[in-house]
Amino acid sequence: MKATEVPEIAGAFLFEPTPYTDERGFFCRTFDADVVRSVGLDPDAFVQDSLSRSVRGVVRGLHLRSGAGEAKLVRCSYGRIFDVVVDLRPDSPTYRHWTSFELTGESQPTLYIPAGCAHGFQALTDTADTSYRIDRPHDPAEDVTIAFDDPELAIPWPLPVALMSQRDREAPSLAEVLKHRES
């Protein structure tokens, strides 16, 4: 497994496994505590695993947590997703920058997203399963959502939006969220 820094988002890493492929399919390690530790992260800090299943065109996000935030490891375990990270840490050198990745079940890379960054994705295949490993138990009272189509971010989602939650559809702009956080 190889760990690579993500230059567009300070403190983010992409972990790429080495799949072993044969006529049966493939096998790969999707989490390795030693590799996680080698980039300065505590592998024991992760306390909750979750899984979402989405259909083609679904957008989930952009989500983040208030308070101490939430660091997470994100992986597409089946299908393909267009994955987006937005740095919203005021003291970060990459503050208000965003980047995107195509995460796939074929190659199984895992993206580490630091606390204080917003995250969202769009399913690119008929079925896309996305796995999350987070460093704090989820508390819905701390959920913050930013409009996926925020004009300041201008994220080029690759497909028309098929479905999204009401909360995501009604999400405020980045400017509104940041104004609220400052008050």
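Predicted model: local features only at pLDDT ≥ 70, side-chain atom pairs only at ≥ 80, totals over all residues.
User: How many bridges join β5 and β12?
Analyst: Eight bridges join β5 and β12, and the pairing is antiparallel. Two strands pair if DSSP finds at least two bridges between them. The strands are DSSP runs of E with at least two residues, helices are runs of H or I with at least four, and both are numbered from the N terminus.

User: And what stands opposite R133 from β7?
Analyst: L73 stands opposite R133 in β12. Strand β12 covers residues 127–134 and pairs with β7 in the antiparallel sense over six bridges. C76 stands opposite T130 in β12.

User: Is β12 buried or exposed?
Analyst: Six of the eight residues of β12 are buried, so β12 is largely enclosed by the rest of the structure. Buried means under 20% relative accessible area, exposed means over 50%, and partly exposed lies in between (1.4 Å probe, protein chains only).

User: What about β7, buried or exposed?
Analyst: Strand β7 (residues 72–78) has five of its seven residues buried, so β7 is also largely enclosed by the rest of the structure. Strand β7 pairs with β10 as well, antiparallel and through four bridges. There, K72 has I113 of β10 as its bridge partner.

User: Back to R133: where does its charged end sit?
Analyst: The charged end of R133 sits over the ring of F31, 4.4 Å from the ring centre. A charge sits over a ring if NZ of Lys or CZ of Arg is within 6 Å of the ring centre and within 35 degrees of the ring normal.

User: Since rings came up, how many aromatic pairs are there?
Analyst: A search of the whole structure finds four aromatic pairs. The rings of F13 and F15 have their centres 6.4 Å apart and their planes at 35 degrees, so this pair is tilted. Rings of Phe, Tyr and Trp (its six-membered ring) pair if their centres lie within 6.5 Å; planes under 30 degrees apart count as stacked, over 60 as edge-to-face and the rest as tilted. F13 counts as buried at 11% relative accessibility, and F15 is buried at 2%.

User: Which pair is edge-to-face?
Analyst: F46 and Y112 form an edge-to-face pair, with 6.5 Å from centre to centre and 85 degrees between the planes.

User: What does that pair tie together?
Analyst: F46 lies in the loop between α1 (33–38) and β5 (48–55), and Y112 in strand β10 (residues 110–113), so the pair ties together parts that are 66 residues apart in sequence. F46 counts as buried at 14% relative accessibility, and Y112 at 10%.

User: Which residues form an aromatic cluster?
Analyst: F82, F148 and W157 form one aromatic cluster.

User: New topic: which strands form the open sheet, and in what order?
Analyst: Five strands form an open sheet in the order β9-β8-β11-β6-β13, with antiparallel pairing. The edge strands are β9 (98–104) and β13 (143–145), each of which pairs on one side only.

User: How many bridges link β8 and β9?
Analyst: Strand β8 (residues 80–87) and β9 pair over seven bridges in the antiparallel sense. The bridge partner of R80 in β9 is T104.

Conventions. Residues numbered from 1 in each chain as written. Heavy atoms only, no water.
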